[in-house]
Amino acid sequence: MKSVVYLFLAGALVASSGAVAGGDPTAGESKAQACFACHGQDGNGISPTYPRLAGQYESYMTKALIDYKSGARANAIMAGMVANLSEQDMADISAYYAAKEGLKDLSIK
């Protein structure tokens, strides 16, 4: 029985190793250039129309980008923006915006 449990745990570990490692915010800055037009360089958006990314959870943003690319999350603009990004690119962009400070005031300045 112990052998079965160890095999199961080993298999789970191997299966989870395919997940994207944490992103690099420094690399993410250059990869996020196209994002600046709507989300702003600081991630606080350029208008209320676009989501603020600054300070969001890195894992949430990476998952959202992966979902836009796969079609699991539907948005024609975002699907086009992520079409040529690798999962590591998406993790780096997410790390860049996660490292930014969100606005304390909810109004756009």
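**View 1. C35 and the closest cysteine sulfur, in C38.** In this predicted model, the sulfur of C35 lies 8.7 Å from the closest cysteine sulfur, which belongs to C38, and this is too far for a bond. A disulfide requires two cysteine sulfur atoms within 2.5 Å. The structure as a whole holds 0 disulfides.

View 2. C38 has a relative accessibility of 25% and counts as partly exposed.

**View 3. The largest pocket.** The space in the largest pocket is about 550 Å³. Its lining is made up of 25 residues, and those closest to the centre of the pocket are H39, L53, L65, Y68 and M78. Which elements give two or more residues to this lining? They are α3 (36-39), α4 (58-70), α5 (76-82) and α6 (87-98).

**View 4. The lining of the largest pocket, by element and by class.** The element that gives the most to the lining is α4, with 5 residues. Sorted by class, the lining of the largest pocket has 18 nonpolar residues, 4 polar residues and 3 charged residues. Empty space of this kind is found by rolling a probe the size of a water molecule over the atoms.

Technical notes. Residues numbered from 1 in each chain as written. Predicted model: local features only at pLDDT ≥ 70, side-chain atom pairs only at ≥ 80, totals over all residues. Heavy atoms only, no water. Buried < 20%, exposed > 50% of the residue type's maximum accessible area, 1.4 Å probe, protein only. 1 Å grid on protein atoms, 1.4 Å probe; cavity = no way out; pocket = protein on both sides within 12 Å on 5 of 7 lines; lining within 4 Å. Points joined across faces, edges and corners; volume = space filled by probe spheres on them. Helix = DSSP H or I, 4+ residues; strand = E, 2+ residues; numbered from the N terminus. Nonpolar A, V, L, I, M, F, W, Y, C, P; charged D, E, K, R; others polar.
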